[in-house]
Amino acid sequence: MTPSADMPRRVTILGSTGSVGRSTIDLLSREPERFPVEALTAQSNVALLADQAMMLRSRLAVIGDESLLPELRQRLAGSGIEAAAGSRAIIEAAARPAEWVMAAIVGAAGLEPTLAAVRRGAIVALANKETLVCAGALVMREAAQQGATILPVDSEHNAIFQVFDFNAPETVDRVILTASGGPFRTLSLGEMREVTPAQAIAHPVWSMGAKISVDSATLMNKGLELIEASFLFPVPEPRIEVLIHPQSVIHSLVSYVDGSVLAQLGSPDMRTPIAVALAWPSRMATPAGRLDLAAVAKLTFEVPDSARFPALNLARQALQTGGAAPTILNAANEVAVDAFLNGRIGFLDITRIVEQTLTRLVGGTLGDLDAVREADQAAREYAARLVDPTGDGRVVRVQTRGLSRP
Ligand SMILES: NC(=O)c1ccc[n+]([C@@H]2O[C@H](COP(=O)([O-])OP(=O)(O)OC[C@H]3O[C@@H](n4cnc5c(N)ncnc54)[C@H](OP(=O)(O)O)[C@@H]3O)[C@@H](O)[C@H]2O)c1
């Protein structure tokens, strides 16, 4: 596929009702002729999904929760927009012929729809970092075989993508991922023990979905990004560093062998990295705030504190171990974050559960999607038992949020 930024580009958004999905819709709605919409998908927010589909005249709208199909049909009645439901229908939506697919489902649930877009050689704007954490080798291999283009949307990876010399990767010395440090950057361990879900999702800089906000608070988000970066860029793990930068103005940096350090800067607004991917290989205007460095005045940096934020080292260890370890790390983290958001465990238990699951289950290689599913499920079950050793049935809901069964 020869990408042309100026020709109309048919798009699909997986996870259109989420934070990244809504930012993508905001950009599309400003240039509807340039970006006709093939399909939009959501899990349960049927009202917003139907509104988005009507506004953008999408050909298809898919709701993950099958019990909501009658409501979706009713809301779309008379519009000519197709309606479908269920996780298989989301995968089928991704397989339909849109040139550009935004992968913005949260969690491992995004893997198979993203893979469906990769397998037909689409341009995939990848926000769903869990896809590469759970199955990075598999996804990158498929992308290479099918001629798919993966464009990173995570602001850090998008920054690196913009300043990385892909023609001379041997000239890159290090890549440096920046992290805001999250809402608990300055808290002691004792103070962190008491924090609530509401405090954890109130990110000081970025406005994001609940899961990634909690991941930012534990620094697991940066750990997942470290793993993601190792698949996206030809740089070995020891040369991918993390630096805390509370202002989130520098989105990441690439350091070259001659001592030059190139960075991408901007206001913390996801519409910028989304626009980079949407218009790629060209650029498009966005309403994102212009960066006023004089107003920002001061940019500060710190080394991450691994004693208070052990998640980053856990992710690094999982990456070093390889095989199923990142899949296990991710699945245990999803279960633990869900349990924290539902008030069932404390904030510090999240990393403890991930660590215990990783210690107990590490091992195995991931040859195919079935092996990924198996590792994901085993980790979810183990982590769910740590959340709820007595087992009262509620864990079943947690388990169903991972990869779909074939
Ligand atoms: N938010 C950011 O600024 C940001 C930045 C960088 C990377 N990311 C990454 O982008 C992804 C999305 O993040 P977000 O903050 O936009 O998340 P979010 O606001 O929670 O939105 C998630 C989207 O996925 C849908 N969804 C949830 N569970 C699903 C399932 N089991 N099957 C199918 N669809 C499902 C949701 O539908 P409903 O609305 O119907 O529940 C929603 O459309 C994450 O992987 C995150 O790490 C986000």
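1. Helix α7 (residues 155-163) is mostly covered, with 7 of its 9 residues buried; buried here means under 20% relative accessible area, exposed over 50%, and partly exposed in between, with a 1.4 Å probe and protein chains only. The buried ones are Ser155, Glu156, His157, Asn158, Ala159, Ile160 and Val163. Their cover includes β7 (149-152), β8, α11 (220-232), β10 (250-256), β11 (261-265) and α12 (271-279), counting contact as heavy atoms within 4.5 Å. Helices (H or I, at least four residues) and strands (E, at least two) are DSSP runs, numbered from the N terminus.

2. A word on what we're looking at: this is a predicted model, where local features need pLDDT of at least 70, side-chain atom pairs count only at pLDDT 80 or more, and totals for chains, interfaces and linings use all residues. Residues are numbered from 1 along each chain as its sequence is written, and side-chain values use heavy atoms, with hydrogens and water left out.

3. On to the strands. β8 (residues 172-179) runs parallel to β9, with 5 bridges between them; two strands pair if DSSP finds at least two bridges. Ala179 has Ile244 of β9 as its bridge partner.

4. Now the ligand. It is surrounded by 24 residues, the closest being Thr17, Ser44, Asn45, Glu130 and Gly209; the cut-off is a heavy atom within 4 Å. By type, the shell has 11 nonpolar, 10 polar and 3 charged residues (nonpolar: Ala, Val, Leu, Ile, Met, Phe, Trp, Tyr, Cys and Pro; charged: Asp, Glu, Lys and Arg; polar: the others, Gly among them). Helices α1 (19-28) and α6 (129-146) each supply at least two residues of that shell.

5. Some distances to check by eye: a side-chain N or O atom of Thr17 is 2.6 Å from a ligand oxygen. A backbone N or O atom of Gly209 lies 2.8 Å from an oxygen atom of the ligand, and a polar backbone atom of Val20 is 2.9 Å from one. Taken alone the ligand exposes 900 Å², and the protein buries 87% of that (Shrake-Rupley areas, 1.4 Å probe).

6. Last, Phe340, which lies in helix α15 (residues 325-341). Why does Phe340 count as buried? Because its relative accessibility is 2%. Leaving out residues up to four places away in sequence, Phe340 touches Val195, Thr196, Pro197, Ala200, Val214, Ile345, Gly346, Phe347 and Ile350. Phe340 and Val387 are 47 residues apart in sequence, and 9.3 Å apart C-alpha to C-alpha.

Notes
A polar contact is a pair of N or O atoms within 3.5 Å; within protein, one must be able to donate a hydrogen and the other to accept it, and residues adjacent in sequence count only if both atoms are side-chain atoms.
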